[in-house]
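Here is a short briefing on one structure. It covers salt bridges, nonpolar cores and a pocket.

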Amino acid sequence: MKKVLIITYYWPPSGGAGVQRWLKFTRYLPGFGWQPVVYAPENPEAPVDDHSLVKDVHPQVKVLKKRIWEPYGFYRRFLGMSPADRINAGFLSETEKPRKKEGISVWIRGNLFIPDARRFWIRPSVRFLKRYLRENPVNAIISSGPPHSMHLIAMKLRKQVDVPWIADFRDPWTDIDFYDQLRLTRRADNRHRSLEKAVLKGADRVVVIGETMAKRFGELAGIDPVVVPNGYDEADFAKVRDKTPGDRFTILHVGAMNKDRNHPAFWNALASLVSRHPEFARAVELRLIGKLDHSVTESIRAAGLEEITRLETYLPHDRIAVTLRSAALLYLPVNRTPNARMIQTGKIFEYMASGRPVLGTGPVDGDAAAVLAGAGAGKMLDFDDEQGLKEALLDYFTQFRAGSLPVTEPPVQYSRKNLAGRLTQILDNLAESSN
């Protein structure tokens, strides 16, 4: 069996979206003749812990862990947070914070910690992995980012060991949705862009999750990235295939919702139907699972939707499938940011695997819209299409009352097992060409 070293920041018991891609890939790689060796921090700053994910680690996966130092202790003290408070990703703020201090911390993050706050792990990781590979050779190296410090570990390691390297991007670098909020100086911006291009050109292969990102990276570095999207694990849904919605018309969103995913047109459309259609008002329930930016809760309050809204902070991943299948409609807000067209949130694939209809708000010509349309799994409406949202919500509600809500089959092209097979083709080709 060939071996692949996977450098990732997120690994169980860390929870959240960042861990899913490589946890699931490593579950199926042994079946294609590749044993994963995972390198991850022993004490990461994870957004949440999810111990239910530990059982998804394949018994043939070898896990190496090394302690990491990160400056988050200083960040917490600076903002008056307690040591137990978690650091939210994507500029999600659950409460109003002093603007001056928050602005200073953002400036420090963007300009001093390049490419990110995990940069202090690069040098010790390269030393450790170089020694490890001397006695435990592998056939390929994969780095998963963000955080993009993982790519810098792999890039420096690649210069010292003759092993092909795949840089896997779950999100873009300088095109990520919050890049323009980092308050970068010109010097810092140039540094980010220089490192990005060095990784894209230095990797033996670049893998991305979507077509728009592939095109953008191709323009940046003159390369031809391979698209291997995120997906869903059939095993997660196998036991709950027959779960059906109850007597409530539950509109469900799972995952964090920051201010860029807070779209007033959706709340206004929902509020309009609640006020004008008594049957709809009696049956509808809005269920939001995950951390919410304070702007989201304020928008819900302003729209008068508090009485129909049910909030939950987190759901262990082993309960995702049954929860999705118990809903009537799944809501998918795409970040309203300059890179909106390239965004494919990981949840879209588990949404589709549930068979429940998906209603999205975002660019109608973006990657997420194309994925939904290709699978016949739902609709993507423009951020501001309040009338279209009202019509879509009412249409889905009418079908719900009639017991005729559409149920779609999981799109097999996005199963984690099939995607792992595509990934191993890349690995096999690199391993053969390096021999």
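Buried means under 20% relative accessible area, exposed means over 50%, and partly exposed lies in between (1.4 Å probe, protein chains only). By that rule Asp233 is buried, with a relative accessible area of 1%. This is a predicted model: local features need pLDDT of at least 70, side-chain atom pairs count only at pLDDT 80 or more, and totals for chains, interfaces and linings use all residues. Residues are numbered from 1 along each chain as its sequence is written, and side-chain values use heavy atoms, with hydrogens and water left out.

**Salt bridges**

- A salt bridge puts a side-chain nitrogen of Lys or Arg within 4 Å of a carboxyl oxygen of Asp or Glu. The count comes to 23.
- Lys24 pairs with Asp233 (3.1 Å, N to O). Lys24 lies in helix H1 (residues 20-28) and Asp233 in the loop between strand S7 (226-227) and helix H8 (234-237), so the bridge ties together parts 209 residues apart in sequence. Both residues, Lys24 and Asp233, are buried.
- Helices (H or I, at least four residues) and strands (E, at least two) are DSSP runs, numbered from the N terminus.
- Asp233 also bridges to Arg27 (2.7 Å, N to O). Arg27 is partly exposed, with a relative accessible area of 24%.
- Glu312 and Arg287 form a salt bridge (2.5 Å, N to O). Glu312 sits in strand S10 (residues 309-312) and Arg287 in strand S9 (residues 284-289), 25 residues apart.
- Shared partners join Lys24, Arg27, Asp56, Asp233 and Asp236 into one network of salt bridges.

**Nonpolar cores**

- A nonpolar core is a set of buried Ala, Val, Leu, Ile, Met, Phe, Trp, Tyr and Cys residues joined through side-chain atoms within 4.5 Å.
- The largest core has 70 residues, of which Leu5, Ile7, Ile141, Phe169 and Leu427 touch the most other members. Helix H16 (residues 416-434) gives the largest share, seven residues.
- A second, separate core of 32 residues includes Met257, Leu270, Tyr331 and Leu393.

**Second largest pocket**

- A pocket is an open set of points on a 1 Å grid over the protein atoms alone, where a 1.4 Å probe fits, with protein on both sides within 12 Å along at least five of seven lines; lining residues have an atom within 4 Å of a point.
- The second largest pocket is lined by 16 residues, with Ile114, Arg119, Ile122, Leu152 and Arg191 nearest its centre.
- Helix H6 gives the largest share of that lining, four residues.
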